[in-house]
Amino acid sequence: MKTIKASGIGKPIDRIEGRLKVTGMAKYATEFPVENKVYAQAVNSTIAKGEIVSIDTSEAEKAAGVLAVLTHKNAEKLKAFEEEMPELGTTTIAPVLQSNKVHYYGEYVGLVVAETFEQATYAAKLVKVKYKEETPDIHLDKSRAKAYKPTESSDFSRGDMDAGMAAADQTLEATYNTPIEHHHPMELHAVIASWNNGKVLAYTSQQMVDNSTIVISDTFQIPKKDVRVVAAFVGGGFGSKLNTDRHVILALMASKKLGKPVQLTVTRNQMFTNTGMRQHNEQNMRIGAKKDGTLTALSHETLSHTSTFQEYQEPCGNVSKMLYKVPNNLIKHRLIPLNFQTPCSMRAPGEATGSFALESAMDEMAWKLKMDPIDFRIKNDTQIDLSEERPFSSRLLIECLRIGAEKFGWKERKMEPRTNTNGNWLIGYGVSAASREAPYKKTSSKVIISLEEGKAIATIQMDATDIGTGSYTIIAQTASEYLGIPTEDVTVELGDSNYPVTPGSGGSWGAASYCNGARAACENAIAELKRKKNIPEGEEIALADLLKQNDLTKFEAEGTAEPSEEFEKYSVFSFGANFSEVWVDKDTGMSRIKRMVNVGSAGKILNPKTAYGQIIGGLTMGVGMALTEQTKIEPNFGNFITRSFADYHAPVNLDMANVEVIFLPEEDKIANKMGVKGIGELGITSVAASIANAIFNATGKRMRDLPITPEKLIMAKLEPGVES
Amino acid sequence: MRPFTYTGAKNKEQALQSYSPTSHYLGGGTNLLDLMKEDVERPDQLIEVASLDYKKIFQNDKGGLTIGGMLSNSETANHPEVRKNYPLLSMSMLSAATAQIRNMATNGGNLLQRTRCPYFFEASMPCNKREPGSGCGAIKGMNSLHAIFGYSDSCIAVHPSDMCVGLAALGATVEVQKPDGSTRIIAFDDFHRLPGSQPEKDTNLMPGELITAIHLERPEFSEHYYYLKIRERSSYAFALISVAAGLQLKGGEITKAGLAMGGVAHKPWKFKEVEKFLVGKKPDESIFEAAAELAMKDAKPFEGNTYKVEMGKKAIVRALSQAYARKS
Ligand SMILES: Cc1cc2nc3c(=O)[nH]c(=O)nc-3n(C[C@H](O)[C@H](O)[C@H](O)COP(=O)(O)OP(=O)(O)OC[C@H]3O[C@@H](n4cnc5c(N)ncnc54)[C@H](O)[C@@H]3O)c2cc1C
Ligand code: SF4
């Protein structure tokens, strides 16, 4: 029923919560008015491995305003990991201050609580810790012997890799490195935690509210129903807020002890060591191809590190299982436990890093074959996901490549490197394919419809989070569409565990899941109202009239959407292609991205404006990955020497290019009823390869270690000559 | 942050009298406050001097320009006189930090900003500059951002300022007020020092001395100048290497040259020998290359910063070529 379609889905409307944000009215975690709250500051270890021999808290305890100092000596016993090296998930418990062991530099070893933030910060410096230090394992390279296979699914093979390589006319083997990176959302991880007679209320910056309640209830062994988590607005997450981290548990421990709400903000510096990261990946690629470009073999072997107490494996190789038609395929993932925190998902885990290796290697092979890299990719396209032996619900990769090439002016590209120059600048064009799974998960929501002065208005509630992506807006647009009322008349309330359960934000499933959840509630409401009055399903009637006919001024309905059986029979992915023009200064080694064209096929675009924002954000993060971002390890002590935004170089406006973002119209009704697919992670996927490939085309040098900094380009010697 | 008292100095006298060895003058605070939050600087008193009346720019009696010590970096760099006659200074200053930081930062504070050596910032790491005698973490550690000239066994840090590289190429003097109320003039090259066995001392300033002015020489490089800054992102990043180059030309010959490099030493590194070498030469690529070789011949890099030697040479050639080609 579509009586009014003024602002339903598909319209590029402004964010409905935008005004709240720019006027400072949107409440982030520590902005909720909580009475009597006190402030905490964590104390961090200053060694990477060893034991705490003693902690002297006397001076801190005496400092002005200090209410409590927690250490492993006086902290309550929490539930411990049940097994050795448990896998990190989004509901994994987060025990903290449970022993005197130190596993990494910056690990929480204490918490100071005081009347004010300044007092707590100062007193935290007065806590004196003595350690028995051991030599930490901090070098991937030196610890290779400790590599292990995390799970059965870490490996995959199809056909016979060796036979495939033997059958090839051209072969390639190359290793690609991506460094430790940090998510660094704008909003720091933060919480106001209240423990009230066994009941918990936590205002916290999380991507997944329901999972947060699980972690808290599990860690403290209290009923889940007694835990309420609120994350109404979240200033970015990028994966770092998927897990409910130890600062939340610390604040709750303190609140429980003191009987007061405790506010704890993780500092920017602490965000390097305690709220997750992307680990260093070393990816070895082997490719075999026939002269005509037909792939005969592809292997993708990844070596990464996890912490010494928990396991996280980024599935870098997964992209090489499914992107191309290759009969012989081998994927391996190995982990080395090192003395760093447990890594976690960071925007497009697997694809962002994996596609850098795969799509660089594809470019290298195309060059060996003297084939256009787009033709090479098209030659090996597949409509079947060979890793699952099932069709893609929809796959427009070829179209993305062709349309992008057209818009970008790809035919102007010179295949031979170093042939396009302008003064000191070497100019190159690069391309890369992108793919990202478009999952869709069970989601419930509630709609409350009421009649106000003859007009129907609605409120949608669900525990979903808007982590800066535009969820509020697209949910309102969905309700507008399915209730037939203007978006302005829809209120959206999110991020409260009292609302119906959703999977939360992560994995690019938010838009599809949330909107289908909202749709289900709205459809149920309309159906129910019609049924009561025996109005045929197909009949068009305005919502206000429907309420009036029912003699109702208020009506509530819930709805749940979940993947169909049909969905399970397909592989559901978004696809894309990235084109970049990069200029490299042959003397200074500085690179400039001049322009980019990004084409995506990501199902129905609910709101072109917020979708554009997602892609631009992803591309910018991809530029950071390619050129500027890296967390550097101190080689003797194992701390990170990039410790603030002054030295962890996220890209600035000047680093970004003119970007054209194109979405191909795509109908994918298998993905879900609304045909919505994820775009949150599609944008970052493939950017790094596109840029590295452009740099090869510009300079003739293959840059296989990210980020591609001036130092590295200078060391690669930008003299004429092309690497084989 | 540790507790401290705050004195808003109303005039020079009050500032000087309030001084004690455990206090710090406060300019824009863009460096000092960060270091206090990091627990690196631990003053018990801050004496605010940024509002003192040393904010003018005027012609001095030597035909040069005098720049107030408390003027902001933005106001200095954008001042019409500076832009017209000392565009090299303007260019170096505008390459630094961000507009917001430059708005806050004062000229005096800029001269005294401390190294960005990551060991210096991390209170738990060994660092002779922060804690004399604790060792230098960088020498055998991560030294990709460190010195290739003039370092010692006790410290290999570099001075991070862009403005100071511009000043070194231009030639300048620094005017300071001594605690006894008298004035001292320090040649710019003598202002910052090499680490030697006392890396905790960045400059030759005596305790309590207050920077009130920078005097520039008669303008000589207002036509041919260039500030090249090589960095890891396009803005808001310290230099890996920077070069300030100024040339004076008459009848197709170089009559005077100013050349200094940033990111390579404990102080802005002025190439006096190269400046002399260039005089009397006809500017062309081969001369600039010879100048670059000469400049970098004594460079002694560490494991992590060998790139700086090659990068430095290329940067000198580029900066000199740009300076030559440029006509403002
Ligand atoms: C993130 C970031 C990026 C930056 N990037 C760059 C860059 O790329 N290039 C660059 O050159 N700089 C850069 N800066 C540094 C910036 O230029 C300096 O912080 C600034 O110039 C310091 O000036 P201030 O007035 O704020 O000094 P303050 O922080 O106030 O003081 C610095 C020191 O000088 C002393 N002091 C201040 N004024 C006087 C005076 N008049 N007499 C005697 N002593 C005094 C103080 O006691 C203190 O020890 C950056 C800074 C930040 C935070
Ligand atoms: S280089 Fe200097 S500043 Fe850096 S650690 Fe060594 S002594 Fe400290």
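Predicted model: local features only at pLDDT ≥ 70, side-chain atom pairs only at ≥ 80, totals over all residues.
How many residues does the contact take from chain B and how many from chain A? The contact takes 37 residues from chain B and 38 residues from chain A.

## Interface of chains A and B

Chain B and chain A bury about 3300 Å² between them, and carbon and sulfur atoms account for 56% of that area. On the chain B side, the residues that lose the most area to chain A are B:Glu232, B:Arg233 and B:Arg318. Together these three residues make up 22% of what that side buries.

There are four salt bridges between chain B and chain A. One of them joins B:Arg318 to A:Asp585, with the closest N and O atoms 2.7 Å apart. B:Arg318 therefore falls under the 4 Å cut-off for a salt bridge with A:Asp585, and B:Arg318 is also among the residues with the most area lost to chain A. Polar contacts across this interface number 15 residue pairs, both residues of each pair being at pLDDT 80 or more.

Several elements of chain B supply at least two residues each to the side that touches chain A: helix H2 (32-37), helix H8 (118-121), strand E9 (224-230) and helix H13 (307-325). H13(B) gives the largest share, five residues. By residue class, the chain B side holds 16 nonpolar, seven polar and 14 charged residues.

## Ligand 1

Where does ligand 1 lie? Ligand 1 is placed between chains A and B. There are 33 residues around ligand 1, and those that come nearest are B:Tyr25, B:Gly29, B:Thr30, B:Thr106 and B:Asp162.

Atom pairs between chain B and ligand 1 involve both backbone and side-chain atoms. A polar backbone atom of B:Leu32 is 2.7 Å from an oxygen atom of the ligand. At B:Ile211, a backbone N or O atom is 2.9 Å from a nitrogen atom of ligand 1. B:Lys229 places a polar side-chain atom 2.8 Å from an oxygen atom of ligand 1.

## Ligand 2

Ligand 2 has 14 residues around it. The nearest of them are B:Cys117, B:Cys127, B:Cys136, B:Cys155 and B:Ile156. The shell around ligand 2 consists of nine nonpolar residues, four polar residues and one charged residue.

## Domains of chain A

The domain assignment divides chain A into domain 1 (18-27 + 441-562), domain 2 (32-135 + 186-236 + 241-273) and domain 3 (354-436 + 569-715). Domain 1 of chain A and domain 3 of chain A have C-alpha centres 36 Å apart. Their contact involves 16 residues of domain 1 and twelve residues of domain 3.

These two domains of chain A bury about 1100 Å² between them, with 56% of the area on carbon and sulfur atoms. A:Thr469, A:Ser508 and A:Asn516 supply 38% of the area that domain 1 buries against domain 3, more than any other three residues. The salt bridge count between domain 1 of chain A and domain 3 of chain A is zero, whereas three residue pairs are in polar contact across this interface, both residues at pLDDT 80 or more.

On the domain 1 side, helix H11 (471-483) and helix H12 (510-532) of chain A are the elements that give two or more residues to the contact with domain 3. H12(A) contributes the largest share, six residues. The residues of this side are five nonpolar, nine polar and two charged.

## Domains of chain B

For chain B the assignment gives domain 1 (5-46) and domain 2 (224-325). The C-alpha centres of domain 1 of chain B and domain 2 of chain B are 36 Å apart.

## Backbone details in chain A

Which peptide bond is cis? The bond from A:Leu706 to A:Pro707 is cis, and its omega is near -10 degrees. A:Pro707 sits in the loop between helix H16 (687-699) and helix H17 (710-715) of chain A.

A:Asp551 has a positive phi of about 60 degrees although it is not a glycine. The place of A:Asp551 is the loop between helix H13 (543-549) and strand E23 (554-561) of chain A.

Notes: Residues numbered from 1 in each chain as written. Chains lettered and ligands numbered in written order. Heavy atoms only, no water. Domains from an automatic or database assignment. Contact = heavy atoms within 4.5 Å. Buried area = accessible area lost by both parts, 1.4 Å probe. Salt bridge = Lys/Arg side-chain N within 4 Å of Asp/Glu carboxyl O. Polar contact = N/O pair within 3.5 Å; in protein donor to acceptor, adjacent residues only side chain to side chain. Helix = DSSP H or I, 4+ residues; strand = E, 2+ residues; numbered from the N terminus. Nonpolar A, V, L, I, M, F, W, Y, C, P; charged D, E, K, R; others polar. Near = heavy atom within 4 Å.
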